[in-house]
Amino acid sequence: MNRLMLTLFALLVLLADKAATAQPALDDLKLNQIQVIGTHNSYHGGFAPNEGELMKKLKPEIYAAFDYRHSPLPKQLDAGIRQIELDIYADPEGGRYRHPAMLDMVAKAGLPADPEFDPGHLMEAPGFKVIHVEDIDYRSNCQPFAACLRLVRDWSAAHPDHVPLFILIETKETPLKLDVPTVAPLPFTSAVFDSLDREILSVFPRGAIVTPDEVRGKYASLSDAVAHGGWPTLKQARGKVVFLMDQKKAGPAYLDGHPALKGRLIFTNADPGAADAAFVEDNEGSAAEIESLVRRGYVVRARADENTKEARTNDTKRRDELLGSGAQFISTDYPWIERAETGYEVALPDRIAARCNPVLVSAGCVIERIGK
């Protein structure tokens, strides 16, 4: 082999070595070393036509904030969404939310009735219900909670190599103040949360869930565990789901009898440094604040847009900041399949499903493409 050939060969070896160094072994990445796009209120069906007209007249600011809707959950997952959000109300006896006040408000206003919101009488059965705001904004693309989970489970079974699917749960219990009679939501006590865990396990076996116990491992607290690389690898977590708690105020009741979330299924939205801290929701924080949390081992959810404001003006500043912040879950009302009329949308580059976290992994890489 002549000198020129040897030089070329050495150059090729060097380039190959650099490429191998730049591209991390995907299966060895930890769960917190990825970034995905999520949808806010993923179940949201929006107002029916006459409900919308009435709300636009009575409360135009609320109408504007709620004027978005999402595709069925499997379609969102097909489009690369890997974090969803479900708002739930406790309804242990069933029927609590079967007749929303808005139905009577529409009739009283002399407007025609909208399509039946519960033709299958799903609201009559006991179990957690998926609703945005009781009595006024209650149409969902899946119902009840367990049925929503089954949609996710079935999609997961059909796509077993997917990165973990993150399911954010917001517990609703604050009474609504209207000029008409409304339903009083039930509080989420420790016993109600026991029922919630049981309902989750009725759909997903424990082995299909990345649990706080698994992440905590040998450490006394979750905060210590994630600071020392306690999250599972992608190889260990593919095909699984991770449950996250939206409401920070729900933490104490969920932790009651379960210090550091021992035996629980859902990661609480916790204060950094707390014994139960592995997940932190930071919708208002700066990109620098979020990056600091990410570097400490936490997984962070942040919203790219709120109340349709950014979408109405195609304001992409917050979205772009979050994409570079390392936030693992960037949530939006406008994923690329549901872009706003202004062109506003939230997606990873090339609309992939998951990429290496831009803060924690030095070399950018594609972890999962849509359709894989």
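Helices (H or I, at least four residues) and strands (E, at least two) are DSSP runs, numbered from the N terminus. The model is predicted, so local features need pLDDT of at least 70 and side-chain atom pairs count only at pLDDT 80 or more, while totals for chains, interfaces and linings use all residues. Residues are numbered from 1 along each chain as its sequence is written, and side-chain values use heavy atoms, with hydrogens and water left out.

The loop between β3 and α6 is a place to start. D135 lies in this loop. Its phi is near 80°, a positive value in a residue other than glycine. D135 is buried, with 5% relative accessibility; buried means under 20% relative accessible area, exposed over 50%, and partly exposed in between (1.4 Å probe, protein chains only). P144 belongs to the loop between β3 (129-130) and α6 (145-158) as well, and the peptide bond that leads from Q143 to P144 is cis, with omega near -5°.

Next come the disulfides, each defined as a pair of cysteine sulfur atoms within 2.5 Å. A disulfide is a covalent bond between the sulfur atoms of two cysteines. One links C142 and C148, with the sulfur atoms 2.0 Å apart. The torsion about their S-S bond is about 100°, so this disulfide is right-handed. C142 is buried at a relative accessible area of 6%, and C148 is buried at 0% relative accessibility. Another disulfide connects C356 with C365, S to S 1.7 Å, and both of these cysteines are buried.

Strand β4 (residues 165-171) has seven of its seven residues buried, so it is largely enclosed by the rest of the structure. In a regular strand the side chains alternate between the two faces of the sheet. In β4, L165, I167, I169 and T171 point one way, F166, L168 and E170 point the other way, and all are buried.

Two strands pair if DSSP finds at least two bridges between them. Strand β2 (residues 83-89) pairs with β4 in the parallel sense over six bridges, and D87 has E170 in β4 as its bridge partner. Strand β5 (residues 241-245) also runs parallel to β4, joined to it by five bridges; here L168 stands opposite L244 of β5.

A further positive phi occurs at L261, about 70°, although this residue is not a glycine. L261 is in the loop between α11 (251-255) and β6 (266-267) and is buried, with 0% relative accessibility.
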